[in-house]
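Please read it alongside the sequence and structure shown here.

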Amino acid sequence: MSKTSASTRLSYAASDVAGQLLFCWIMWYLPYFYTDTYGIPAATVGTILLVARWVDAIDAPVWGLIFDRTRSRWGKSRPWFLWLSGPFAVFGVLTFLTPELSHGAKVAYAAVTYIVSNILYTGINTPVTSILSALTADPRERVTLTMFRMVGSKLGVLIVNLTGLELVRRLGAGDDRRGFMIAVPLFAAASLALFLTAFRHLRETVPVETQPVPLRGTFGALRGNWPWWIIFASSFLFWIGFISRVTVAPHFLEYVLHRPDLLKLANGLDFASLATALLLPWFCRRASKTTVWALGLAGMVLGQLVVYVGLRHGASIPLILTGWTLGFVASGAAMAMPFSVLSDSVDYGEWKTGVRAAGLLTAVGAAFCLKAGAGLGGALPMWLLDAAGYVPKATQTAAAQDAIVFGIVWLPALAFALALLPVLFYGRFERLEPRIAAELAQRRGAAAR
């Protein structure tokens, strides 16, 4: 196995710490911020989430085509860390400002800042995925790098979950609007610094074509690329379930369990996913990537069922948190494996069609799935809450509580179960990887002579 350097591994981890220091605020806390801090109705929030994330999902292929046509002295993916980290930091801050506006202007401001933040995140996060295929040609080393990336991602999420809302409370001194206005810029500055660190230390070492591929040819990399389509379908469903789960968590703890004090602990338990993410290379040496991926999704379904059992047994906090933790532990594999095998699907596309479209395949296979799935995962529970009569900062009706429970238990469970189905067909393509790697190496060697 061709190992990458410690500097490469740590810098790759830093790239996802950087993204999560801002994006975790958006993914985990923005719906609650909109409804309970900025005073936007839940149904309107759901519509904003869906429209914004689907607009952003549509721009993912555009970003991918741009990345595939990027030519610079720094490579194809790496320069975007430099070019987009500043704008991403600025709009991440603007998203959590609360200017005094009319209702319509307030909704427009929220929608515009949220949409632009998501577009910029796609622009800067897609290269984090697409650069993987350029850092090493070794499929096993890609799993190791993905493990480092997941550690970085979970570290960024943990930092936000353990310190973010506490800083909002302390810096705002009881005024959440002021607290968000002061706290979020601190995280934005750290995000900018880490993206620039990743830009400085990462290098694209796998040789690729130097001439731009025609637009029609780029999309040709999707033709017959069945491993990519499997990744696409499973990832889209996974993100619907995962985002529904975390979107409703604040409402669930406050209005169903009446324990809002547990939010920091519940969200901080996402760090438990490192128990599997750290062991991914070890798991993948002892079992196929397909098996590890499938077991991760099955574990998430099981975690949802344990949460429900806890609710049925007198809302048992220990049992509910056990299921919640099990879901996060399993997510270490369920979330990480698609990012790793996406690079393998890029190789498959090049092997089958002669077109290496890392930007397009990773933008659509990762960013589109995340954003489109997150859009539905955030919107569906918000619409259910509004339809059930949810009222912020008030005692909820039984119907509203049932809607919250459905959004945090059953909607994710269904999505994770459906995400598991296409993964069961991935093994046949995984078995082709040694042959694909050998033949691509031969082609590149012949082209270099």
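In this predicted model, P227 is in contact with Y348, Y426 and F429, leaving aside its neighbours within four places in sequence. P227 is found in helix 9, an element that also contributes to the lining of the largest pocket and to that of the largest cavity.

**P227**
- P227 has a relative accessible area of 2%, so P227 is buried, given that the term applies under 20%.
- From P227 to I240 there are 13 residues in sequence, and the C-alpha atoms of the two are 20 Å apart in space.

**Largest pocket**
- The volume of the largest pocket is about 540 Å³.
- Its lining is made up of 19 residues, and Y32, L165, R169, P260 and L263 are the closest to the pocket centre.
- Two or more lining residues come from each of helix 1 (6–36), helix 6 (139–172), helix 7 (176–201), helix 9 (226–256) and helix 10 (263–268).
- Helix 6 gives the largest share of this lining, with five residues.
- By class, the pocket lining holds nine nonpolar, two polar and eight charged residues.

**Cavities**
- The model has four cavities of 30 Å³ or more.
- For the largest cavity, the volume is about 200 Å³.
- The largest cavity has 19 lining residues, and those nearest its centre are Q20, S153, W239, M335 and L370.
- At least two residues of the cavity lining are supplied by each of helix 1, helix 4 (103–130), helix 6, helix 9 and helix 14 (317–353).
- The cavity lining divides into twelve nonpolar, three polar and four charged residues.

**Cysteines**
- How many disulfides does the model contain? The count is zero.
- A disulfide is a covalent bond between the sulfur atoms of two cysteines.
- Is C369 buried or exposed? C369 is buried, with a relative accessible area of 0%.
- C24 is likewise buried, and its relative accessible area is 0%.

Conventions. Residues numbered from 1 in each chain as written. Predicted model: local features only at pLDDT ≥ 70, side-chain atom pairs only at ≥ 80, totals over all residues. Heavy atoms only, no water. 1 Å grid on protein atoms, 1.4 Å probe; cavity = no way out; pocket = protein on both sides within 12 Å on 5 of 7 lines; lining within 4 Å. Points joined across faces, edges and corners; volume = space filled by probe spheres on them. Helix = DSSP H or I, 4+ residues; strand = E, 2+ residues; numbered from the N terminus. Nonpolar A, V, L, I, M, F, W, Y, C, P; charged D, E, K, R; others polar. Disulfide = S-S within 2.5 Å. Buried < 20%, exposed > 50% of the residue type's maximum accessible area, 1.4 Å probe, protein only. Contact = heavy atoms within 4.5 Å.
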